[in-house]
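Below is a walk through one structure, taken helix by helix and then through a few backbone details.

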Amino acid sequence: MNIQPAQIADFNARLEADHRECYAFLKLQLDKKGINADELVEKIQDFQVAIPSWALGAGGTRFGRFSIGGEPGNLEQKIQDIGILHTLTHSAGAISLHIPWDIPKDAKAIQELAASHDIVFDAVNSNTFQDQQNQPFSYKFGSLCHTDKAVREQAIQHNIEVIEHGKALGSKSITIWLSDGASFPGQLNFRKALQRTLDSLQNIYQYLPNDWKLFIEYKPYEPNFYSTVIQDWGTSHLLATECGEKAYCLVDLGHHLPNTNIEQIVSTLIWRNKLGGFHFNDSKYGDDDLTVGSIRPYQLFLIFNELVEGMSETSNVKSQVNNFAWMIDASHNVKDPLEDLMQSLEAIRLAYAQALLVDRNTLAEAQETNDVARVQEILQDAYRTDVRPLLREARWRNGAALEPIELFRKLEIRNLLIQERGFKTVATGL
Ligand code: PSV
Ligand code: MN
């Protein structure tokens, strides 16, 4: 199922006059503030977000799962789905694979298929939080932290295999998230578990190619409910620092206890040059994996504000936009996954665009003089600007749809996928 450029052009033609009017108005308003709208559009055009191979089907909870129909049944179909997203939005130019959920059988063919959709391979993700069939040892009591050396070695070996898969596809990074931890007090010796985890990570690090990065994801709880070995950014930072300069922290927005100041974490990590990337999602209570920007869009803006500030403040090339891994890590229980992902893509780019509007010099001046009310005016002025015309213009220039979800519905893409793949297909993932 491929969307033709003519279908997009026909659709856009109907909306073009309206868009031109809105863009011209915003451009004028920004001009008055000394901001060049066209330059912002170029930055937005460059900003690509990876789609995880496990987020294209309906997500489930431990209570059940409701199929959406036409879900991709294999990796090829998942790439096709990301192709649809990328054609409509021109912002999803990368895929992140979870191994062994999505092992490419023929890496070259998969790479060619992805390239035909203008999609590259982002970080590969290892999985030592589930047992696989025919696996000699169980991860029930941990993987890289396990008390038994044989289990740790099996988990290390798995990560090395994941790196090999990534090498064959052109990935340049691996993300490790461990569910290792304890459900009850006393179950683990914290210090020994952390030491064993560090030893295992250092072991994996030795196999990392020179131009690769290792991302260490943290999470305070779940599936273990008493403690997690890599519970927070501080632990992730400690491990990344001990591993070496190719190791970085990965911030998943859902992996914080309620009310944590994530933007402050981001700022500190950029300062230490240890921010590797993001898993974007939103949440009300825990790791809810909801659509990005659906619950706390202002927080997302504040995070991007720190990112843009960090990137403009540091001359370090490692802190530039394309050096971070941007990925959506969300789950779709009640919405069409493709529509949901388009909403997330829009929210991320909106927050980025708003953050680009912040008048950095005036903000710095207000901060230096402790003008707190002024600081708030500056931030909220940027946040309250309707930057959607900039995003539409970026899509227009890339030949994507002015209103992607509207076109997705108009072309009845979900129905076509159901006709092609059937109603009862189930995508691999959680
Ligand atoms: C864990 O909650 C996580 O955020 C990790 O990134 C996993 O790899 C991903 O979700 C998929 O389960
Ligand atoms: Mn994640």
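Glutamate 377 lies in helix α12, where helices (H or I, at least four residues) and strands (E, at least two) are DSSP runs, numbered from the N terminus. The model is a predicted one, in which local features need pLDDT of at least 70 and side-chain atom pairs count only at pLDDT 80 or more, while totals for chains, interfaces and linings use all residues. Residues are numbered from 1 along each chain as its sequence is written, and chains are lettered from A and ligands numbered from 1 in the order in which they are written.

Glutamate 377 has 14 other C-beta atoms within 10 Å and is therefore partly exposed. The scale behind that word calls a residue buried if 20 or more other C-beta atoms lie within 10 Å of its own, exposed if 12 or fewer, and partly exposed in between, with C-beta atoms placed from the backbone. Between glutamate 377 and leucine 363 there are 14 residues in sequence and 9.5 Å in space, C-alpha to C-alpha.

Helix α11 (residues 360-368) and helix α12 (residues 372-383) have axes that come within 8 Å and cross at roughly 160°. Axes here are lines fitted to C-alpha atoms, for helices over the stretch in contact, and angles run from 0 to 180 degrees between N-to-C directions. The angle makes α11 roughly antiparallel to α12; angles under 35 degrees count as roughly parallel, over 145 as roughly antiparallel, 65 to 115 as roughly perpendicular and the rest as oblique. The crossing of α11 and α12 is left-handed, a term used if the near helix is turned anticlockwise from the far one by less than a right angle, with right-handed used if clockwise. On the α11 side the contact is made by Thr362, Leu363, Ala366 and Gln367, and on the α12 side by Arg374, Val375 and Ile378; two residues are in contact if their C-beta atoms, placed from the backbone, lie within 7 Å. These residues comprise four nonpolar, two polar and one charged. In this classification Ala, Val, Leu, Ile, Met, Phe, Trp, Tyr, Cys and Pro count as nonpolar, Asp, Glu, Lys and Arg as charged, and the others, Gly among them, as polar.

A second pair joins the two ends of the numbering used here. α1 packs against helix α13 (residues 388-397) at an angle of about 130°, their axes being 9 Å apart. That makes α1 oblique to α13, and the crossing is left-handed. From α1, Asn12, His19, Cys22, Tyr23 and Leu26 meet Pro389, Leu390, Arg392, Glu393 and Trp396 of α13. By class, the contact of α1 with α13 holds six nonpolar, two polar and two charged residues. Phenylalanine 25 is also in helix α1 (residues 5-32). Phenylalanine 25 counts as exposed because it has 12 C-beta neighbours inside 10 Å.

Leu198, Leu201, Gln202 and Tyr205 of α6 meet Leu239, Glu242 and Cys243 of α7. The contact of α6 with α7 has five nonpolar residues, one polar and one charged.

Helix α10 (residues 337-357) has 21 residues and spans 30 Å from its first C-alpha to its last, close to the 30 Å expected at 1.5 Å a residue; the expected span is 1.5 Å times one less than the number of residues. Of the 21 residues of α10, 19 are buried, so the helix is largely enclosed by the rest of the structure.

The loops hold some backbone details. Isoleucine 99 and proline 100 are joined by a cis peptide bond, with omega about 15°, and proline 100 is in the loop between β4 (94-98) and α4 (107-116). The peptide bond from glutamate 222 to proline 223 is cis as well, with omega near 5°; proline 223 is in the loop between β8 (213-217) and β9 (227-228).

Histidine 90, a residue other than glycine, has a positive phi near 50°. Histidine 90 is in the loop between α3 (75-89) and β4 and is buried, with 22 other C-beta atoms within 10 Å. Asparagine 259 has a positive phi of about 70°, although it is not a glycine. Asparagine 259 is in the loop between β10 (247-252) and α8 (262-271), and counts as exposed with 6 C-beta neighbours inside 10 Å.
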